[in-house]
Amino acid sequence: MLEKNKKLSSLDTLFLGKEKEYFIDNFATLVSSGIGVLTALESVKLEIHSKRLKKVVDAMKDDIEEGTPIWLAFEKSGILPKNVIALVKIGEQTGRLSENLKIIAIQQKKDRSFRSKIRSGMMYPGFVLGLTLVVGLVVAWFIIPRLANVFAGLHIDLPLITRVLIATGAFLGQYGYIAVPSFLLIVAVSAYFIFTFSKTKFIGE
């Protein structure tokens, strides 16, 4: 079961967004009204549209039925960060689970609103940065190699930065079809591990 949930934490909990907030909010409401944890999980599952989140809830139910503490089932599911798991653990141990779950649900909504504002504020700088990167690659890949031939024919001593740019352009002109896709792949993989992968996304956060 542990191995199964490790896979869930890195694959099945990606991009759940509002579904996770809905799950926590309704789970907290049901538990605070006196409904048992397993019954609450099953009730919330019926209202969930995401098949991936349903799979996570099923795994949590299996763990709890086997005697796993609720906080540990949440931790293994990978749908909540460590600081939130700590709040669930404290709530379970002190008998204030429903109150702490409500706090988590409210905080998640605040965090989502904050992230939305950050994304909105970063759209223009991100667009400019992306456009600059594309223009820079085009210039380095197609234009600088041609300029390198011109400067080579002048037989003059060029500044260090100019020589570095020309060497870069010459390299891209010869190996760009390998170097550019490799660079973009490295950027994509790095972004995944920094912002998405459960064990390392704390760096991006």
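**Exercise 1. Describe the order of secondary structure elements along the sequence, and decide whether the protein is a compact globule or more spread out.**

Solution. In this predicted model, the pattern read along the sequence is α-α-α-α-α-α-α-α, which comes to eight helices and zero strands. The next step is to set the radius of gyration of the protein, 25 Å, against the 17 Å that the globule rule gives for 205 residues; the value is well over that figure, so the protein is more spread out than a compact globule. The box filled by the C-alpha atoms, taken along the principal axes, is roughly 85 × 35 × 30 Å. Of the 205 residues, 31% count as buried.

**Exercise 2. Find which residues touch the most other members of the largest nonpolar core, and which elements give two or more residues to this core.**

Solution. The largest nonpolar core has 28 residues, and those touching the most other members are F23, F27, L41, F74, I79, L80 and V88. Two or more residues come from each of helix 2 (18-32), helix 3 (37-46), helix 4 (51-65), helix 5 (70-77), helix 6 (82-94) and helix 7.

**Exercise 3. Locate the salt bridges, and state which helices each pair joins.**

Solution. The count comes to three salt bridges. In one of them, the side chains of K61 and E42 meet at 2.3 Å, N to O; since K61 lies in helix 4 and E42 in helix 3, the pair ties together parts that are 19 residues apart in sequence. K61 is buried because its relative accessible area, 14%, is under 20%, whereas E42, at 28%, is partly exposed.

Another bridge is formed by D58 with K45, whose closest N and O atoms are 2.6 Å apart; here D58 in helix 4 and K45 in helix 3 are 13 residues apart. D58 is partly exposed at 27%, while K45 is buried at 18%.

The remaining pair is D63 and K76, at 3.4 Å, N to O, and it ties helix 4 to helix 5 across 13 residues of sequence. D63 is buried with a relative accessible area of 1%, and K76 is buried with 15%.

**Exercise 4. Identify the residues that make the nonpolar surface patch of about 990 Å², and say whether Y124 is buried or exposed.**

Solution. The patch is made by Y124, F127, V128, L131, V134, V135, V138, V139, F142, I143 and L147. Y124 has its place in helix 7 (residues 97-154), and because its relative accessibility of 62% is over the 50% cut-off, Y124 counts as exposed.

Conventions: Residues numbered from 1 in each chain as written. Predicted model: local features only at pLDDT ≥ 70, side-chain atom pairs only at ≥ 80, totals over all residues. Heavy atoms only, no water. Patch = residues over 30% accessible without salt bridge, like charges linked within 9 Å, V, L, I, M, F, W, Y side chains within 5 Å. Areas by Shrake-Rupley, 256 points an atom, 1.4 Å probe, with all protein chains shown as cover. Salt bridge = Lys/Arg side-chain N within 4 Å of Asp/Glu carboxyl O. Helix = DSSP H or I, 4+ residues; strand = E, 2+ residues; numbered from the N terminus. Buried < 20%, exposed > 50% of the residue type's maximum accessible area, 1.4 Å probe, protein only. Rg over C-alpha atoms; globule rule 2.2 N^0.38 Å. Core = buried A, V, L, I, M, F, W, Y, C linked by side-chain atoms within 4.5 Å.
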